[in-house]
Amino acid sequence: MTIEAPTILLVEDNEDHAELVKRGLEKNKIANKLIHVNDGEKAIDYLLSNPAPHLVLLDLRLPKIDGIAVLKKIKTMPELKKIPVVVLTSSESPKDIESSYSNYVNSYLVKPIDFSKFHKLLDDLGYYWLLCNKNPNS
Amino acid sequence: MNNSTKLKKELLEEIELLKSDNEKLSKSLRLSKNKLSRMALKKDNNLYKDLFENSPDVIMILREGIIIDCNNKSEEIFGYKKEEIINHSPEIFAPLLQRDGRPSSQLAYEYNLAALKGEPQYFEWLGKKKSGEIVNTFIQLNTITIDNEALIQVTIRDLSALKRISLELEKSKRKLHIFLEQTSEGVSFMTILPPIDLSLPFYEQAKQYIQNGVITEANQALAEMYGLKNPNEIIGKSLKDFWVGDEEEMIRSMMDWPRAKYRLDNKITIEKDSKGDIHYFSNNSIGIFENNHLIGLWGAQRDITDQFIANTKIKESEERFRIISEQTGTIVYDRNLITGETIRTGAIKKVLGYEPEEYKNFSLEDITSLLHPDDKYDTIYKEQLAIEKGIDGQLLYRMRHKNGNYVILSDDYVILKNELGDPIRILGSMKDVTLQKEYEEKIIRSEETFRTLITNMTDSFFVLSADGLFKYISPSHKALFGYDEEELMGTFAFNFVHPDDRERIMNMFGGILSIDGARVTAQYKNITKHNGWRIFESIGINLLSHKDINGILINARDVTEKALLDNAVKSLIEGTTSVGREFFDSLVLELSTLLNFKYVFLAEETKDKPGILKTLAISENQKIIENIEYKKADSPCINVIGRTIQVYPENVQELFPNDYDLKIMEAESYIGIPITSSQGKPLGLLVAIDDKPMKDISSAKYLMTLFSERVSSEIERLSIIKELEEKNAELERFTYTVSHDLKSPVITIKGFLGMLKDDAKEGNIERLESDINRISNAADKMQNLLEDLLQLSRIGRLVNTSSEFSISTIAEEVIELLQGNFSSLSNYVTIEPNMPKVYADKTRIREVIQNLVENSIKYRNVNISLKIDIGSISKEEEIVYFVKDNGIGIKKEYLNKIFGLFEKLNPSSDGTGIGLALVKRIVELHGGKIWAESEGLDKGSIFYFTINSERGTK
């Protein structure tokens, strides 16, 4: 039985951060397929024209269409709303957490400044969302 | 037209009819008579024959009873041949007996004899034709002398044709007689024989009239007036039979008649009746003329003796009157309104300076001419009115004394009426009141000051008795309360007081009753006749002991508006409990109730749409309706906002023809007042619009001012709150972005530092270098961010002083500055020369231009040649500056987002996202606005901004 490699859509405008996430996921050998877009508009375009990813990692401060608007769009479209969306942001603002949950975010994670913690988070994230968690599609 | 004149008119018409009939008859008779005499005199054979033969009448000439000649008409009428007539006796043409039964021969002999004596004979005659048929004829016998021989000329007219005419005449005469018998006026026809030549002097005419006038027609009424039973008894009488006094006197009094061409109106005659009793007649007459001669006179007369007897009685007591009136210094007069006869007696000499005899003969016109010119027409009019209405009264007029001075006369008169209620006499006494009047006028003048005070005061004065009944009401009372004096006098004053106030006011009134001079002030609602309940403030003073007032003097003043204003102020103060929108709604409603205007609204300028005003609250017919937006430029508001109060009491639509909203509102009048902050910053305006012309402008102004002040403080409060909220939000955004954006490079740095260990372990030198680069870049980025943040925090304070400069100059400096980074930039930029000068912080404005031009360069379309336009346009009375490029453009939905802090449309762009936020900050601090327009991607963008020059000084 061959397990299809899970697809992750990473929406991140900061190139450096995207690289950090990519490397972290590669290291723990969970994410085999990572698609990276750098603004909200491109994220929506991708989701509407490609097979649904297993997970969306979403930053909140994004050019053009910000993260909350992207989240809202995903969670209100019938064909997209089942996709687990995990907000991964540097913001710890209660307003952002509040509006994310109001828009049915599946999880809200804050990027740790500390490198090892960042890696540990990515390990846990991959393990939990792609292995432990049971998706409706799988 | 009264009855008698109507009768008179009908009578005259009848007379005219009769007269024309009569004329026909007499003319024809006279004609043949004239002809005969003429032919006899002239003896012209041809003419004689011609007339003789062509006469319409039978003509025969008799000599000693035998016919010696006849005309052809004789054959025609009697049927005999000429030979059978000539040399025969006329007897053959007559039956044996005439109508009265006497033999024809005897009668003929008598007439013949009489004619021969020189008296022409006229008589009716029954003739007999050859056939034996009897004909009615009319015969005239004349004596003619030819060659000293006396001959008889017989003119015979066949009456059968005439009979018809006379029958007609009879008929109309009967009609006339019936009419004459019906009328109560005495009608007569006076035949004048011979007729009176109208060219004679009046005296001569009058004399002839009296001598030659004989009554030939009379009705029953006339007969009775003279004490006779039958009209026939009066026929044949002449004026002399009735006249009183000697003939000379009579002639003199009759001279009026020819003077008036025998047309008399109410001419008084004094005549005696058959028993010798004196009668007074009022005569109307009309003369009948022929060839400028009076041949007769129709008269209609009324017996006015009774009225004259009354006069006479007065006359009898005249002496008594004279004595009494002389004693009392009055002139007494008695004027008969029908005859015009006037008796004047009393202290004539004393009052007017004239001798009584002199004055007595004055005509009414003479007396009138003595009246002061200013009083003349008024007096005549008033007297005429009094006579017409039959109402007694008093006249006051000035009359000229013989010495030339005017005296003031008080004329008290009574009008006497007959049993029908028609005024017949006016009796009066004239008294010199000159001294009295002068004295009164002095009093009046001194009183006038006081009276003017009272009448011109808007306050009302009234006096109540101790029982609360109206005793006196000042003239101004009606203006305030609407009631007429008669309506209020004696009524209970407190019935007009509102039930809510009545007990309180009555208690206050009662409270001062027992204390002399006590005073009380009260406010209460009182019902007015036309304006419903009004609020009055009254002061009552107990003046019961005052000998003239003897009551409570009350001074009332309508304070409704003031009370309403007080309430308005109160509600304004209480209004602070509601705030914001709710406050505006309630304020607009309150104002619309007080003003009673169709529309009241509060408006402010929109932030994002220049030149457009939007309402904060608007009421229509005292109801809040949905807010509206409208163009400032076309509306009257343009003259208000940031300026001063404007009032257009009417025709506002014509003054602002492009304001469509005014049309919809059916606006007629407009009042608008600007709302400014305590620092003088324009905030908006308060407007009231009505569909009727504005009546009370001052009240409206007052209320608007009052409310606008309260509004301005509320708007200011709201705008401060808003500003604070915005600042707060900005601060929040700032801390958020700072926490996020400053954290990002730290995460990068720490993250890649961790990676470096792996790179080293794995010996991946290439990646090691790139990771170090990332760390370095992140550190640089952090530094930039910190610097920008520092700059942003600095522009909160305008440290540089303002100066006057043109945007053109600044733009040129910027291009010059940027040449270093972008070679030959000036080739791609067009700058409008001599743009209007602004007064602002030059350094900061230069930063604005620089940022905008840098953006244009940064987001240029690489496929085409760069083009930047810097210029200005005039929009809604404001100068708007712009920087226009042909770059990549901006999607519509992002047009507002670009001005946010740390906002970037392109993640790969190297900016920090602070530039436009900074520009916006600078522009706003200069009291201006900034916005962007773009047709979309690749369509280029235009950045607009305004600067409020005045703000630079702050």
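Asp124(A) and Lys120(A) sit four residues apart in helix α5 (residues 115–132) of chain A, so about one helical turn separates them. The two residues form a salt bridge, with the closest N and O atoms 3.0 Å apart. Asp124(A) has a relative accessible area of 38% and is therefore partly exposed. The structure is a predicted model.

**Salt bridges**

Over all chains, a search of the whole structure finds 36 salt bridges. Four of them are listed here.

| Pair | N to O distance |
|---|---|
| Asp124(A) and Lys120(A) | 3.0 Å |
| Lys598(B) and Glu666(B) | 3.2 Å |
| Glu92(A) and Lys743(B) | 3.5 Å |
| Glu924(B) and Lys920(B) | 3.6 Å |

Lys598(B) pairs with Glu666(B) in a salt bridge. Lys598(B) belongs to the loop between α21 (580–595) and β21 (599–605) of chain B, and Glu666(B) to the loop between α23 (660–665) and β26 (669–676), so the pair ties together parts that are 68 residues apart in sequence. Lys598(B) is buried, at 12% relative accessible area, while Glu666(B) is partly exposed at 48%.

Glu924(B) and Lys920(B) lie in helix α28 (residues 915–925) of chain B, four residues and about one helical turn apart. Glu924(B) is partly exposed, with 42% relative accessibility, and Lys920(B) is also partly exposed, with a relative accessible area of 29%. Elsewhere, one network of salt bridges with shared partners joins Lys598(B), Glu666(B), Asp690(B), Asp691(B) and Lys692(B).

**The contact between chain A and chain B**

How much area do chain B and chain A bury between them? The value is about 2,600 Å², with 54% of it on carbon and sulfur atoms. Chain B contributes 30 residues to the contact and chain A contributes 35 residues. Four salt bridges are counted between the two chains, and one salt bridge joins the side chains of Glu92(A) and Lys743(B). Seven residue pairs are in polar contact across the interface, both residues of each pair being at pLDDT 80 or more. On the side of chain B that touches chain A, α24 (697–762) and α25 (765–794) each supply at least two residues. The most comes from α24(B), with 17 residues.

**Other sites in chain B**

Val244(B), Ile270(B) and Ile278(B) make a nonpolar surface patch of about 200 Å². Ile278(B) is part of strand β9 (residues 278–290) of chain B and is partly exposed, at 37% relative accessibility.

Is Ser465(B) buried or exposed? With 13% relative accessibility, Ser465(B) counts as buried. Ser465(B) is in the loop between β16 (460–464) and β17 (470–473) of chain B. Leaving aside residues up to four places away in sequence, Ser465(B) touches Lys471(B) and Phe509(B).

Methods: Residues are numbered from 1 along each chain as its sequence is written. Chains are lettered from A and ligands numbered from 1 in the order in which they are written. This is a predicted model: local features need pLDDT of at least 70, side-chain atom pairs count only at pLDDT 80 or more; totals for chains, interfaces and linings use all residues. Side-chain values use heavy atoms; hydrogens and water are left out. Patches are made of residues with over 30% relative accessible area and no salt bridge: like charges are joined within 9 Å, nonpolar side chains (Val, Leu, Ile, Met, Phe, Trp, Tyr) within 5 Å. Accessible areas come from the Shrake-Rupley method with a 1.4 Å probe; for residues, only the protein chains shown count as cover. Buried means under 20% relative accessible area, exposed over 50%, partly exposed in between (1.4 Å probe, protein chains only). Contact means heavy atoms within 4.5 Å. Buried area is the accessible area (1.4 Å probe) that two parts lose on being put together, summed over both. A polar contact is a pair of N or O atoms within 3.5 Å; within protein, one must be able to donate a hydrogen and the other to accept it, and residues adjacent in sequence count only if both atoms are side-chain atoms.
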